[in-house]
Protein chains: 4
Amino acid sequence: MRIKVGVLGATGSVGQKFVQLLADHPIFELSVLAASERSAGKKYKDACYWYQDTEIPENVKDMVVVTTDPKNKEFEDVDIVFSALPSDLAKKLEPEFAKEGKLVFSNASAYRMEEDVPLVIPEVNADHIELIEIQRKNRGWDGAIITNPNCSTICAVITLKPIMDKFGLESVFIATMQAVSGAGYNGVPSMAIIDNLIPYIKNEEEKMQTESLKLLGTLKDNKVEFAKFKLSASCNRVPVLDGHTECIFVKTSEGAEPEDVKEAMDKFDPLKDLDLPTYAKPIVIREELDRPQPRLDRNIGKGMSIVVGRIRKDPIFDVKYVALEHNTIRGAAGASVLNAEYFVKKYL
Amino acid sequence: MRIKVGVLGATGSVGQKFVQLLADHPIFELSVLAASERSAGKKYKDACYWYQDTEIPENVKDMVVVTTDPKNKEFEDVDIVFSALPSDLAKKLEPEFAKEGKLVFSNASAYRMEEDVPLVIPEVNADHIELIEIQRKNRGWDGAIITNPNCSTICAVITLKPIMDKFGLESVFIATMQAVSGAGYNGVPSMAIIDNLIPYIKNEEEKMQTESLKLLGTLKDNKVEFAKFKLSASCNRVPVLDGHTECIFVKTSEGAEPEDVKEAMDKFDPLKDLDLPTYAKPIVIREELDRPQPRLDRNIGKGMSIVVGRIRKDPIFDVKYVALEHNTIRGAAGASVLNAEYFVKKYL
Amino acid sequence: MRIKVGVLGATGSVGQKFVQLLADHPIFELSVLAASERSAGKKYKDACYWYQDTEIPENVKDMVVVTTDPKNKEFEDVDIVFSALPSDLAKKLEPEFAKEGKLVFSNASAYRMEEDVPLVIPEVNADHIELIEIQRKNRGWDGAIITNPNCSTICAVITLKPIMDKFGLESVFIATMQAVSGAGYNGVPSMAIIDNLIPYIKNEEEKMQTESLKLLGTLKDNKVEFAKFKLSASCNRVPVLDGHTECIFVKTSEGAEPEDVKEAMDKFDPLKDLDLPTYAKPIVIREELDRPQPRLDRNIGKGMSIVVGRIRKDPIFDVKYVALEHNTIRGAAGASVLNAEYFVKKYL
Amino acid sequence: MRIKVGVLGATGSVGQKFVQLLADHPIFELSVLAASERSAGKKYKDACYWYQDTEIPENVKDMVVVTTDPKNKEFEDVDIVFSALPSDLAKKLEPEFAKEGKLVFSNASAYRMEEDVPLVIPEVNADHIELIEIQRKNRGWDGAIITNPNCSTICAVITLKPIMDKFGLESVFIATMQAVSGAGYNGVPSMAIIDNLIPYIKNEEEKMQTESLKLLGTLKDNKVEFAKFKLSASCNRVPVLDGHTECIFVKTSEGAEPEDVKEAMDKFDPLKDLDLPTYAKPIVIREELDRPQPRLDRNIGKGMSIVVGRIRKDPIFDVKYVALEHNTIRGAAGASVLNAEYFVKKYL
């Protein structure tokens, strides 16, 4: 018996990735697709401009899209919804679902930094999920909102976690080169990015600099005590379809050699025994000098592994390396789905 | 009366840029085009696959290419040669020209780090040119080799110079996003870079990390005392035709606010009174949040200005910003030509 | 004394090209910039996201944008307006300007195929301008609307005109590869076109197939008798910023050899004695096997020349060749400006 | 028991596709990888720069590459070799293999147009394989050479076959937009194709214009009588990684309506009962106005289906449409493998 789930914002860029991941899922049964008024009432295949390079899953094609209203009868048996809503809509609509008793696994940024909302990467801080107890108490909800971080944050934090655990973290510089899919299908006009790059992504650096500290923080007395290291990011959009690449420079507390960092990353595999369907080895290390590369490596671990290369001594800090993430899978839809799988395994 | 000059490696990527810059130059008269045996004897228009988006200059089209041998009679009246040779050929051939009394203004890396060879950006360390006295003595040459730095080094160092002068430099992190033209016309296959990037450029990080210290060093007793700050680079190739973009994080000795850094950069204009034909304001600052962008800003100052944007407070160091350089003009051919113009103005 | 002109739709993609062409024009003085309510009242530099690779012209930067209403006092002394309006707005607004006595040189498709509206390429059918007499009578206007064709039509028709004149035309097949700028700045998302092409452009084939026959038709008794040949087009969007490329296969009435076609094209230069500022040789022929190429050849004749290459014998028809046009200059703003220059020269 | 096979030119672009297709093949066992002297003796993973977006197959990684010499003992038990050799090497080496009794399924152009060499697309002219009887007699070989056509020819001919069978063919115009992978990994520099296209591919139009007539010709008395229709092609390289798109205009002998052509194409499935492992429905029709698109549709049928869209009435001929082919699978390696599968099924 699979658990019935819905997707909010099902026709958009991240929504389509949710559909791909959930259409044939061993634990979840994709039962409701919600979108805007304009799409509601239409078959999914007609409501959405499907631009993935695989076909719309057969069993989803003809599902009729509903409005994003938890009172729709289609949501009745649904316990879990995945939110691919834009931030402003998420702000308004996710609480309505939580109030109606739904567990909202959200990719939106709206509630990530709220004190009583877990911001979770299960390999990194799965225990933060327990914040939902407080959240329910505070807000009088039967359901809850559980968020995953911003795409570029996930990439960095997964690689920083094994370093922090072993050597402590002091300072981290990150320069990102982010794919256009991260801005949504219509987000980056071709006129803006062919033979070009844009050295700015609205709010992205702020998200990386704050979300990281919450993720790597410690749950104490129902609160997250933020991690103490410092992080500085410079974020860029480049003409790549999928795959965020990050140049990361790290100063540890205790000093670390590249070989030790590599070993720590390679051994980092905290959930391997849980048998979660979407789980893959969180960090895959490549030895070639010129890897990872987004087009060649973004699908490793079905898009769920962070691919790391060029781990080398840094002339100022301890170590520098390059990390790559499939931004719409590991950095978005896949992150939410993994959160839900973990939740189901642990708490249901 | 203009000074007769030649170009070595005239048919290649940087060679073509030299030809564009010199074809109609107020001080220099382009008299000799040298290239490999294969090209020698042919008209320039036939010897070279011209792929600039302007036509081959009329007065150059039918010039006959000669071999890269200073004993060719065509070099007789030529005092200055510009070298766009690949490093291995430069190593062998540039000394032959210097021995024959030519001043070699070289874009090649072969001699940059030799103790008695000036590595010069005229706005930054013009006085290092005096090293050629020692060079001539050491090597028994009538001519000399004067080099300009690697493209990505120039971009960074020009922006660091006014900061160092005012606040002192301690540490600098740089992540680059470099154009494919930097690798030469055939350097980056389209199969390698469409929908992709490559987080590695051979020897590039090493060049940035060493050349910068020589450039910002001090000439004392006929030697360059290297600067003492530390620099760490991570270099990437991106699908951009021309224009290197760099994310730079700077820690100064005395502390510096973004506004002060901006002012120092904006005022930096050391050679403005020399009236050098290729000179442009070395740093142009853009206030828009999403600039500089390579396609839109690479031609500012006819490709000779470094365009800087996003100067902002850094959460770890003092300041971070984004710098852009036209890599084949300011970062290559234009750098050599400016060196020669400065030399002529000062010493001839 | 220059003639005061205005631009309608001044902030958009084609509007910006008009501004570039008119900012420093010997005959026209750019006096009014009109755009939507949202932009009106703002300085041009603030109203428009300027994404050309040259700066906003100094004398235009601070001009205050007005609404697209001919009764605005700013239009008082303006006799000519250039319209870069989208088709639906053009339909409504252009007649209002014509009614107020303005000559509207329009790049919009709204009125192109109306019986009493001239559709003009001055090198091809300048005499069609006389239709405005009828137009004024029919519609009771003091002003008039004079249109230029769709971008891909212009490219083809300019090359077909000298062939038709010399050999007669029977059938023409055309496959286009059109730049993304043709769809406007936001028209083609990068997600839609990186590593991709789209073999469809709405209404484009229809426009080419009908507009061509009007353009190459004959003005008789105040009517255009359409040309009788047949044209079939297949239109594609490709990841090129500027420059439409067309593969053209032509069957003439009398038979034609490639050399004859080349000669006819090369000699085609009907307005060379009029000294029109925006005029350039309408067809430039390249002999290289692999030209024209959009990035390398689109700026020939300041973007006003059609560049033709590969004129060769066709195994079925008489001849085939490749033609290239800068779509936002020769194919849009430049076409309107040239129409106006011709009009001024001939009729004012 | 699978049949042992080898790949000649195994490290190159098409060679890697052969390896992907054969590494885990139900009928063939990939036993020998041959390449140049430079690669021989190395493990495949070291000899080849693997740039596919999936990993090197585990069972191939450590295979030791041999020279392209049929006398190498590794070829002893091998009956079939697939040739991804460049044309000049193919000319010399393929006969050596045929002489040693090997069946050479070749993607090279060297022997395609030889009178006694079958040029085969199994769905189109499988019976031409019988030419090898004559070939063996003529040349005294125990083995034989069986070729598949040039990539862009295959795409066109598969779609023309059902039209010809039902309506007869008179004239066909084709304009292609071909992916960079068709030129090999290093074939098209990024400097040549970013923001650009190249309206010329050496010998490509000639290949399309001659190979098509042989493929659609009739085997009579051990000779191929060429088809009588005429074909004219104009070939272009565009910035797409994989996937050739073709605009095709067709005049039939008997006249044909778009709906009839669509039906004929859709029903065309001649080998569906043979159960060949690499076989997919040869033509898949898409109804959307803006399809096929290379990035979205090239992998349909695991890259073996030609995807056709926009079948519509032509104003001059009968019908026009757009066809798409994965050029390195259906248009190269997959074509050879399918030929071999068919051969094994029919003749072994």
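In this briefing, Ala, Val, Leu, Ile, Met, Phe, Trp, Tyr, Cys and Pro count as nonpolar, Asp, Glu, Lys and Arg as charged, and the others, Gly among them, as polar. On that basis, the lining of the largest cavity comprises ten nonpolar, four charged and no polar residues. The model is predicted.

**Largest cavity**
- Four cavities of 30 Å³ or more are counted, and the largest has a volume of about 190 Å³.
- The lining of the largest cavity consists of 14 residues, of which A:Ile194, B:Ile194, B:Pro239, C:Ile194 and D:Ile194 are the closest to its centre.

**Second largest cavity**
- The volume of the second largest cavity is about 50 Å³.
- Chain A contributes A:Met191, A:Ala192 and A:Asn196 to its lining, chain B contributes B:Gln293, B:Arg295 and B:Leu296, and chain C contributes C:Tyr49, C:Tyr51 and C:Tyr185.
- Two elements each give two or more residues to this lining: helix 8 (190-193) of chain A and helix 11 (294-297) of chain B.
- By class, the lining of the second largest cavity has six nonpolar residues, two polar and one charged.

**Relation of chains B and C**
- Chain B is superposed on chain C by a rotation of 180 degrees, with 0.0 Å of shift along the axis and an RMSD of 0.0 Å.
- This is therefore the relation of a two-fold axis.
- Within chain B, B:Asp195 has the C-alpha nearest the axis, at 3.3 Å from it.
- Both copies use the same surface, as 100% of the contact residues of chain B recur in chain C.

Terms used. Residues numbered from 1 in each chain as written. Chains lettered and ligands numbered in written order. Predicted model: local features only at pLDDT ≥ 70, side-chain atom pairs only at ≥ 80, totals over all residues. Heavy atoms only, no water. 1 Å grid on protein atoms, 1.4 Å probe; cavity = no way out; pocket = protein on both sides within 12 Å on 5 of 7 lines; lining within 4 Å. Points joined across faces, edges and corners; volume = space filled by probe spheres on them. Helix = DSSP H or I, 4+ residues; strand = E, 2+ residues; numbered from the N terminus. Least-squares fit on C-alpha atoms with pLDDT ≥ 70 in both. Contact = heavy atoms within 4.5 Å.
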